[in-house]
Amino acid sequence: MLVFILLIAIAFIVFATSKLKLHPFIALLIAAYGIAVSVGMGYTEIATTITKGFGGILAYIGIVIVLGTIIGVILEKSGAAIKMADVILKIVGKKRPVLAMSIIGYIVSVPVFCDSGFVILNALKRSMVRQLKVSGVAMSVALATGLFATHTLVPPTPGPIAAAGNLMVDNLGLVIIFGILISIITMLAGYFWAVRSGKIYTNGEDSLVDLEKDSEVLEKYGELPSTFKAFAPIFIPILLMAVASIVKLLFADMSDTILYKLFIFLGNPTNALFIGLLFATMLLPKFDEERLSGWVGEGIKNAGEILIITGSGGALGAVLKASGIGTYLGDALQTLSLGILVPFIISAALKSAQGSSTTALVVTSTIIYPLLANLGLDSEMGKVLTVMAIGAGAMTVSHANDSFFWVVSRFSQMDVATAYKSYTMATLVQGLVTIAIVYILAGILL
């Protein structure tokens with residue numbers, strides 16, 4: 001009966017969000033109440049459990065999500081994302097335009113949402129297609145899959161942060177390190193499928209696109225920021241969190257020293273992202289109301305939806321934990337020896353059914369948290385790899401019910417059939433390659 005209740009709840013979430021177009025916040029909240037009543041939870045206990053679950057996850061990760069989205073908006077509006085693309089393009093060079101497009105998407109999507117990143121970089125992509133005579137389909141798929149790789153795997157993107165929060169991961173820096181390493185392979189899988197999807201021409205013009213002199217770019221952004229200013233707001237926080245994780249692992253015996261405590265303080269996700277925000281202020285062309293209030297306000301608004309979905313996911317997770325469903329289901333799944341494949345399967349089913357990668361990450365992590373011990377994934381490394389497995393599922397697959405699918409197909413002027421054959425298949429390849437890597441790592445590290 002417990003398993004039946006959970007299956008009904010998941011089916012309701014999928015149906016309500018995909019068919020009825022109900023907002024995930026309401027769908028998750030209804031599911032939480034439904035499960036609580038169905039398992040006979042005390043009526044005075046229901047509201048307490050839901051509110052504690054909602055508040056607990058936001059206390060853990062809420063400020064980090066807000067800071068990350070504000071930084072993303074500043075990078076987008078200041079031209080820093082274009083500057084990063086310009087630097088990467090010059091490093092990789094005109095002989096590998098498709099690879100350059102993948103790498104550009106990979107880096108830009110860490111702070112900037114997929115949809116926004118594709119729209120921002122679409123003009124660059126079109127210019128490269130014209131001047132370098134490469135396949136437009138190949139370039140579009142490369143950009144989209146590059147964006148998708150980090151969007152689902154690397155904090156401070158909100159989805160992976162929310163998943164790590166729901167799973168109570170203590171070391172977010174470790175999630176970043178593994179996310180970066182695994183997502184590089186994910187990006188390359190998308191790149192190779194992009195090359196396969198479009199016929200590549202090598203007789204391009206000799207000159208690269210120079211974004212710093214492009215009339216469209218100059219008109220929109222004015223002078224682009226310096227390389228350091230463009231990269232610092234995102235790479236410095238990632239570096240601080242990664243260094244803190246390494247210090248924790250290798251120098252735990254020095255925990256009483258001032259230097260150790262300093263690294264741990266700077267690498268705390270909230271502190272690191274706040275430092276990133278301070279660096280982001282260097283990108284503001286003016287310290288006026290439009291930038292200080294307008295841009296920051298837009299970032300806060302963008303974070304709002306992610307926060308309430310994350311909070312309602314935390315509420316659902318708290319109810320699942322209190323109901324005993326997690327323990328029972330975990331015992332049942334343990335006999336199947338699926339382990340790390342369980343979060344991938346659930347996440348992939350949710351992603352394919354309702355379209356949103358973020359929702360798949362949030363809902364799956366809340367379902368999986370009570371099962372961690374039974375699946376043998378309750379160690380810190382187990383939790384980190386579970387985030388990666390959920391992220392792999394959250395990219396499998398992007399099709400017509402995903403807003404990003406329509407952004408890619410419409411801005412690339414691809415018909416639906418071509419988009420399915422090229423982009424949707426690319427996300428399937430990415431998801432399968434990613435879970436294969438995670439499965440191998442789980443066999444070695446767990």
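A: Here is a quick tour, from the whole chain down to single residues.

Q: What am I looking at, and how are residues numbered?
A: This is a predicted model: local features need pLDDT of at least 70, side-chain atom pairs count only at pLDDT 80 or more, and totals for chains, interfaces and linings use all residues. Residues are numbered from 1 along each chain as its sequence is written, and side-chain values use heavy atoms, with hydrogens and water left out.

Q: How many helices and strands in the chain?
A: The chain has 20 helices and zero strands. Helices (H or I, at least four residues) and strands (E, at least two) are DSSP runs, numbered from the N terminus.

Q: And what's the radius of gyration?
A: It is 22 Å for the chain, close to the 22 Å that the globule rule gives for 446 residues, so the chain is as compact as a globular protein of that length. The radius is taken over C-alpha atoms, and the rule is 2.2 Å times the number of residues to the power 0.38.

Q: What box do the C-alpha atoms fill?
A: Roughly 70 × 55 × 45 Å, taken along the principal axes.

Q: What share of the residues is buried?
A: Buried residues are 55% of the 446 in the chain. Buried means under 20% relative accessible area, exposed means over 50%, and partly exposed is in between (1.4 Å probe, protein chains only).

Q: Switching to rings. How many aromatic pairs are there?
A: A search of the whole structure gives ten. Rings of Phe, Tyr and Trp (its six-membered ring) pair if their centres lie within 6.5 Å; planes under 30 degrees apart count as stacked, over 60 as edge-to-face and the rest as tilted.

Q: What kind of pair do F231 and F235 form?
A: A tilted one: 5.6 Å centre to centre, with 45 degrees between the planes. Both residues lie in helix α11 (residues 227-250), four residues apart, about one turn of the helix.

Q: Why is the F404 and Y423 pair edge-to-face?
A: The ring centres of F404 and Y423 are 5.9 Å apart and the planes sit at 85 degrees, so the pair is edge-to-face. This pair links distant parts of the chain, with F404 in helix α19 (residues 403-411) and Y423 in helix α20 (residues 416-445), 19 residues apart. Both F404 and Y423 are buried.

Q: Which residues do ring pairs link into a cluster?
A: F118, F148, F404, F405, W406, Y420 and Y423.

Q: What does V119 touch, leaving out residues up to four places away in sequence?
A: V119 touches V407 and F411. V119 is found in helix α6 (residues 114-132) and is partly exposed, with 38% relative accessible area.

Q: Now the backbone. Which peptide bonds are cis?
A: The bond from P155 to P156 is cis, with omega near 10 degrees. P156 is in the loop between α7 (136-153) and α8 (158-166). The bond from T396 to V397 is cis too, with omega near 0 degrees. V397 lies in the loop between α18 (380-393) and α19.

Q: Why flag those, or a positive phi?
A: Most residues other than glycine have a negative phi, and most peptide bonds are trans.

Q: Where is phi positive in a residue other than glycine?
A: K21 is one, with phi near 60 degrees. K21 lies in the loop between α1 (2-18) and α2 (24-38). Q413 is another, with phi near 55 degrees. Q413 is in the loop between α19 and α20.

Q: Buried or exposed, those two?
A: K21 is exposed, at 63% relative accessibility. Q413 is exposed, at 75%.

Methods. Contact means heavy atoms within 4.5 Å.
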